[in-house]
Amino acid sequence: MRLLLIRHGQTPGNVLGQLDTAHPGPGLTDLGLRQAAAIPDALRSDPIDAIFVSTLLRTRLTAHPLAADRGLQLQVATGVHEIEAGSLEGLRDRASVRTYLETVMAWGTGNLDKRMPGAHDGHDFFRRFDADVAAATAKSDVAVVFSHGAAIRVWTAGRAGNVPPTFAREHELDNTGMVEFTGSPEEGWTLLSWAGLPVGGMALADLGAADPLGEPLD
């Protein structure tokens, strides 16, 4: 089966470089809405059986054009939301952002006991994300899941069997960037493609946005 993980469109928090993970979260910027509108044509040749969104508003808004185009209902997956920032929520200073990123990337390389300040550890993250991926792919040959920058990158680092865990740390994932897998929860997952830029191409990228959750960690 195929699994497509798509990051949501641009939000005001992405532009400001904030750690913005709380529920229900913000909507999309004008650019984010244009990014979402480009998804149906970008995936025109892809068969899709089901579309899932997280509990955060921005994924629903991003997925809506694709769902309308395909005549599919959006299904809410409660475990694919962004990784909670805990006591770092709303901050944008370099030290706080780096603490967040180093914590989540540690999970991707196997250090699941490391805890986000004031929030969860890697065991909690993989438990919830794995459960929703299993549910999304159980009855779908091709499932699209709209999720979030850090969550997609960390899950890829921990579950893609054909690339090193550092791959996701070293590659950007812009708003509406798409990551494609084949496999299953039982057999494991193979990374087929990593489209770090918006699915509509560079014309929909915002090179001036701070957006720390989609940038490589050097």
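How much space lies in the second largest cavity? The second largest cavity holds about 50 Å³. The structure is a predicted model, in which local features need pLDDT of at least 70 and side-chain atom pairs count only at pLDDT 80 or more, while totals for chains, interfaces and linings use all residues. Residues are numbered from 1 along each chain as its sequence is written, and side-chain values use heavy atoms, with hydrogens and water left out.

A cavity is defined on a 1 Å grid over the protein atoms alone, as a set of points where a 1.4 Å probe fits but cannot get out; lining residues have an atom within 4 Å of a point. Grid points are joined across faces, edges and corners, and a volume is the space filled by probe spheres set on the points. Two cavities of 30 Å³ or more were found by this rule. The largest cavity has a volume of about 70 Å³. Among its lining residues are Arg7, His8, Arg58, Glu82 and Asp211. The lining of the largest cavity consists of two nonpolar, five polar and five charged residues; here Ala, Val, Leu, Ile, Met, Phe, Trp, Tyr, Cys and Pro count as nonpolar, Asp, Glu, Lys and Arg as charged, and the others, Gly among them, as polar.

The second largest cavity is lined by residues including Trp107, Met116, Asp124, Phe125 and Arg128. Its lining has five nonpolar, one polar and four charged residues. Helix H5 (residues 122-138) supplies the largest share of this lining, with three residues. Helices (H or I, at least four residues) and strands (E, at least two) are DSSP runs, numbered from the N terminus.

Trp107 and Phe125 also belong to an aromatic cluster, together with Phe126, Phe129, Trp155, Phe181 and Trp189. The structure holds seven aromatic pairs, where rings of Phe, Tyr and Trp (its six-membered ring) pair if their centres lie within 6.5 Å.

Six strands form an open sheet with mixed pairing, in the order S3-S2-S4-S1-S5-S6. Strand S3 (74-76) and S6 are the edge strands, each pairing on one side only. Two strands pair if DSSP finds at least two bridges between them. On average, neighbouring strands of this sheet are turned by 25° against each other, direction ignored. H5 packs on the sheet and touches strand S1 (2-7), strand S2 (50-53), strand S4 (142-147) and S6, and the direction of H5 makes about 145° with that of S4. Contact means heavy atoms within 4.5 Å; axes are lines fitted to C-alpha atoms, for helices over the stretch in contact, and angles run from 0 to 180 degrees between N-to-C directions.

Strand S5 (residues 178-184) and strand S6 (residues 188-195) run antiparallel and are joined by seven bridges. These two strands, S5 and S6, form a hairpin with three residues between them. Thr182 stands opposite Thr190 in S6, and Val179 stands opposite Trp194 in S6.

Most residues other than glycine have a negative phi, and most peptide bonds are trans.

Notes
1 Å grid on protein atoms, 1.4 Å probe; cavity = no way out; pocket = protein on both sides within 12 Å on 5 of 7 lines; lining within 4 Å. Phe/Tyr/Trp six-rings, centres within 6.5 Å; stacked < 30°, edge-to-face > 60°.
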